[in-house]
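Here is a short report on a protein model. Look at the sequence and the structure first, then read on.

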Amino acid sequence: LGRIDICCEVSMLSSYSMAPREGHLEAVLHIFSYLSTHERSRIVMDDSYYPHVGLEKPDWSQFYPEAKDEVPPDMPEPRGKPVQITMFVDASHAANV
């Protein structure tokens with residue numbers, strides 16, 4: 001699975017790989033510092049299913065009328081349980097800027 005704890009930060013920094021600035025280097029050094037101090041850390045994965053009660057699937061067909069899922073014709077059948085990714089984030093996400 002990789003390092004899920006730094007997935008978002010690495011993804012955000014990768015968008016600046018074409019023209020990085022000094023602040024981006026400092027952010028990379030912070031990630032390396034985090035990794036050096038958390039080398040024995042673990043992330044616990046819960047395989048139970050979280051029921052999303054009250055959430056309905058949005059209908060985007062009004063905005064994207066021609067959109068459709070493109071599935072390859074030779075796609076293999078899924079094996080095992082489906083994966084559900086749920087993230088809980090702070091509502092003041094821009095407060096650290």
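A disulfide is a covalent bond between the sulfur atoms of two cysteines. Here it is counted as a pair of cysteine sulfur atoms within 2.5 Å. By this rule the model has zero disulfides.

This is a predicted model: local features need pLDDT of at least 70, side-chain atom pairs count only at pLDDT 80 or more, and totals for chains, interfaces and linings use all residues. Residues are numbered from 1 along each chain as its sequence is written, and side-chain values use heavy atoms, with hydrogens and water left out.

**Overall fold and surface**

The protein chain has two helices and zero strands. Both are DSSP runs, numbered from the N terminus: helices are H or I, at least four residues, and strands are E, at least two. Buried residues make up 3% of the 97 residues. The chain exposes about 10300 Å². Carbon and sulfur atoms supply 59% of that area. Areas come from the Shrake-Rupley method with a 1.4 Å probe; for residues, only the protein chains shown count as cover.

Relative accessible area sets the classes: buried is under 20%, exposed over 50%, partly exposed in between.

| Residue | Relative accessibility | Class |
|---|---|---|
| Cys7 | 49% | partly exposed |
| Cys8 | 46% | partly exposed |
| Tyr49 | 63% | exposed |
| Phe63 | 55% | exposed |

**Nonpolar patch**

Leu25, Leu29 and Phe32 make a nonpolar surface patch of about 320 Å². Leu25 is in helix H2, residues 22-37. Patch residues have over 30% relative accessible area and no salt bridge; nonpolar side chains (Val, Leu, Ile, Met, Phe, Trp, Tyr) are joined within 5 Å, like charges within 9 Å. A salt bridge is a side-chain nitrogen of Lys or Arg within 4 Å of a carboxyl oxygen of Asp or Glu.

**After H2**

Tyr49 lies in the segment after H2. Tyr49 and Pro82 are 33 residues apart in sequence, and their C-alpha atoms are 9.6 Å apart.

**Aromatic rings**

The structure holds one aromatic pair. The ring centres of Trp60 and Phe63 are 5.6 Å apart and their planes are at 50°, so the pair is tilted. Rings of Phe, Tyr and Trp (its six-membered ring) pair if their centres lie within 6.5 Å; planes under 30 degrees apart are stacked, over 60 edge-to-face, the rest tilted.

Definitions and conventions: Buried < 20%, exposed > 50% of the residue type's maximum accessible area, 1.4 Å probe, protein only.
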